[in-house]
Amino acid sequence: MSALLSVKGLTAGYGGVPIIEDVNLDVAEHEIAVIIGPNGAGKSTLLKTIFALTARSEGDVSFGEKDITGLKTAQLVPLGISMVPQSRNVFPTLTVDENLDVGTYAAPPKDKDAVRENVLSLFPDLRGKLGQAAGELSGGQRQMVALGRALMSEPKLLLLDEPTAGLSPAYLEIIFDLLLDIRKRGVTILMVEQNAKQALRIADNGHVLVSGKNFISGTGEALLNDDAVRRSFLGGAAA
Amino acid sequence: MIDFINLYLVPGLTIGSVYALGAVGISMIFGILRFAHFAHGDLMTIGGYGVLTAVWFIPVHPLLLLPFGIALAIVSALAVDQFFYKPLRKLPTIYTVIASFGVALIFRSLAQLFWSSGNQVFISGVRMPVVLFDTFRISELHMQVILLTLIIAIGLHFFLTRSKLGRAMRAVSDEPELAAVAGLDTERVIRWTWVIGASMAATAGVFAGMDTSMHPNLGWNLLLAMFAAAVLGGIGKPMGAIAGGLIIGIAEETATFTWLSDEPLISPSYKSAVAFFIMVALLLFRPQGLFKGRLL
Amino acid sequence: MELTGLFFYLVSVLIAGGIYAVLCLALNVQWGMGGLFNAGIAGFFAVGAYASAIATTAVSSKHLGGFALPIPFGLAAAMIVAGVTGWIVAKICVRLKSDYLAMASVGIAEILRLVIVNESWLTNGSLGIAGVPRPFGNLVQGREADLLYLVMVWACVLAVYVLCQRLYVSPWGRTLRAIRDNEDSARAAGKDVDWFRLQTFVIGCAIMGLAGALSAHYFKFLSPSATEPLLVTFLVWVMLMAGGSGNNKGAIVGALAIWFIWSATEIFTSRLPPEWITRSSYIRMLLVGLLLQFVLQKFRSGLVPEKSPKIRSD
């Protein structure tokens with residue numbers, strides 16, 4: 001199994017204090033991988049460091065066969081990585097259509113209309129709202145716009161920071177179903193999730209991060225059944 | 001009634017057009033770079049002098065020489081951004097505000113140094129106003145100013161909504177961090193913000209200088225009204241700034257009309273206080289402006 | 001230059017430097033301690049100057065008063081009137097956030113200027129007020145009077161410094177800095193942020209008024225064009241940034257340092273060929289503008305940096 005994304009010994013932080021330390025992580029092609037862990041474990045920082053939004057102090061990142069250590073965000077997007085941040089992830093005064101369009105600027109696709117059609121087929125709800133300002137939509141619909149924008153650059157790897165944060169349980173299901181659909185279209189997903197149990201159920205592999213360090217990794221199922229993980233991170237109850 | 005239109009409304013629309021074009025830049029810079037650009041008025045002055053100088057060498061109508069003023073303003077704006085604002089970008093924005101305050105002084109002293117501190121006119125001689133429908137009088141210049149501003153406003157609207165660059169600018173203004181996540185080149189967006197802001201400032205400066213005369217304090221004296229216009233239109237909303245500029249211009253002029261008695265409602269000498277009170281009232285009660293601009 | 005000439009030149013530089021030091025201390029209260037941006041310094045300076053002039057000049061038909069009061073009353077009047085003006089302004093504007101307050105303060109200075117120019121019954125308009133008395137004016141004349149005035153100005157600097165220093169170390173000053181560095185947490189700790197800001201603004205304005213009064217009694221004549229308003233405001237900002245905002249000693253050191261540089265360039269530019277002399281003040285303005293950029297980029301904490309630990313990310 002060759003890894004699409006490979007993180008080796010990654011250390012990063014703000015102002016000299018490391019938030020993540022010596023983190024190792026492999027994400028295989030076409031998988032859904034989820035990072036879980038307690039608050040403040042550095043999950044978001046890990047994602048941001050991979051995407052060059054937070055400065056890395058040590059370690060290497062490779063994508064496909066390519067070493068992407070030290071590349072800027074604007075260079076990673078054309079290579080096929082995009083990210084959806086946890087909050088403020090749409091441009092509120094731009095229309096839904098304009099939000100999607102902005103997603104193509106860093107990596108213009110050959111046939112923009114086809115990509116747009118393809119993305120909209122994932123989110124049929126958005127079709128009727130293309131002319132509406134994204135800020136006026138409901139939380140769940142905004143999340144779809146955010147995912148849509150990230151998919152417009154035709155990424156191979158999608159980084160998601162808590163895609164279900166603040167959403168109702170009903171929407172949580174919808175978003176997770178969407179992620180499975182997106183994976184079916186050949187996109188690899190690496191996400192951070194608070195709803196660990198549900199996330200591990202749809203994930204191929206899970207990684208537990210504690211105090212900025214690797215704690216344990218394994219298949220979603222294995223982690224769901226692991227006693228230590230269950231006690232500490234899944235609220236104790238059996239999965 | 002026709003006096004009201006001829007003597008208050010049309011001059012209000014004219015000065016309002018000047019405010020509008022200046023306020024576009026202030027609003028965009030506030031939206032994208034997040035600071036109040038105190039040197040914007042003086043950038044107008046620089047643009048105005050650029051055209052004035054061109055008129056000395058090429059004796060055609062000053063409006064045809066606008067590109068010279070625009071070019072000078074663009075170069076000046078990009079230079080001060082590169083040398084004076086960019087190094088402060090990671091600090092709290094109030095430092096950039098202070099820097100721009102200093103740049104205002106730098107621009108003005110350069111204008112005084114190169115073009116003297118006196119009043120200078122673009123075209124000498126009195127021109128007869130155009131009379132339409134028997135009683136409607138409008139000077140040729142006022143007509144040109146209002147028409148050109150209208151054309152620029154329409155062009156700006158299409159640029160911001162249809163072009164890739166315009167949408168990228170609105171995106172950076174909306175959510176700069178998300179724009180970086182989407183891989184947009186923020187520095188490029190910033191450069192174009194200066195180019196557009198400076199172009200419009202230069203145009204406004206020429207309009208203002210032709211309406212009265214060119215002098216080094218020309219732009220600084222208009223700054224307050226332009227800030228008010230930008231706030232009125234909603235920070236980061238260039239089209240709102242245009243509307244705001246026109247409203248402030250008309251409000252200033254018509255506030256001196258004999259509304260309630262034979263006396264002007266507000267003495268003309270306090271005209272510029274109108275903009276201030278509109279601005280402060282907005283900031284306190286509706287800081288997002290008329291068109292839902294961004295909050296600080 | 002003969003030696004006594006040089007000496008009295010130095011005296012005049014030190015008097016003006018002292019007046020700027022008072023202004024700089026005032027701005028340090030507003031900006032250095034309170035984080036309130038004020039681009040309208042010249043306005044409050046002028047209000048103080050006119051208040052003291054009207055209070056102390058002989059009765060005149062040309063403007064309000066004068067009331068021929070002793071000079072200490074003039075100084076007090078200057079502080080009260082400038083403070084009350086500041087209070088009215090603060091009542092309206094103090095809730096505005098940083099950049100907005102900066103924009104509003106430009107307008108305030110403009111309105112104060114309009115009042116001074118237009119309300120002739122009050123200020124004699126653009127003709128100005130003449131015959132503003134000097135303290136002990138009937139005892140000493142000429143250059144010796146300057147020496148006496150120098151002592152008085154620096155006594156005021158000292159008094160303001162002691163006051164500001166007391167404010168800085170008091171619980172009040174600590175709260176103020178807490179608000180400056182993190183408004184939200186100060187608010188969460190139950191501090192009435194707006195009330196503290198209002199007090200800060202008023203105190204600063206009153207001190208600016210005092211500086212205005214000192215300048216009126218020094219020049220003995222006052223008109224709207226006596227000072228380039230923007231230059232005053234701007235110089236004070238450069239002085240505070242160069243001296244070290246947040247530090248009262250820094251405010252005084254910065255005021256003197258920049259004023260010395262400013263005065264020294266005058267000596268230099270007075271030797272320029274005549275066709276350049278008329279432009280020399282513009283060259284000096286240009287240089288001060290550039291100096292501010294240098295200070296902001298390379299020298300942000302100033303000559304005498306603030307000592308207490310800062311939370312702000314600078």
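**Reading chain contacts and a sheet**

Mentor: In this predicted model, the contact takes 20 residues from chain A and 15 residues from chain B, where residues are in contact if their C-beta atoms, placed from the backbone, lie within 7 Å. Residues are numbered from 1 along each chain as written, chains are lettered from A in written order, local features need pLDDT of at least 70, side-chain atom pairs count only at pLDDT 80 or more, and totals for chains, interfaces and linings use all residues.

Trainee: How many residues come from chain C and from chain B in their contact?

Mentor: Chain C gives 34 residues and chain B gives 35 residues. Helix 4 of chain C brings the largest share of the chain C side, twelve residues.

Trainee: In what order do the four strands of the open sheet in chain A stand?

Mentor: Two strands pair if DSSP finds at least two bridges between them. The order in chain A is 2-1-4-5, with antiparallel pairing. Strand 2 (17-28) and strand 5 (66-67) of chain A each have a single partner strand, so one side of each is left without a neighbour in the sheet.

Trainee: How many bridges join strand 4 of chain A to strand 5 of chain A?

Mentor: Two bridges join these antiparallel strands; Phe63(A) has Lys66(A), in strand 5 of chain A, as its bridge partner.

Terms used:
Two residues are in contact if their C-beta atoms, placed from the backbone, lie within 7 Å.
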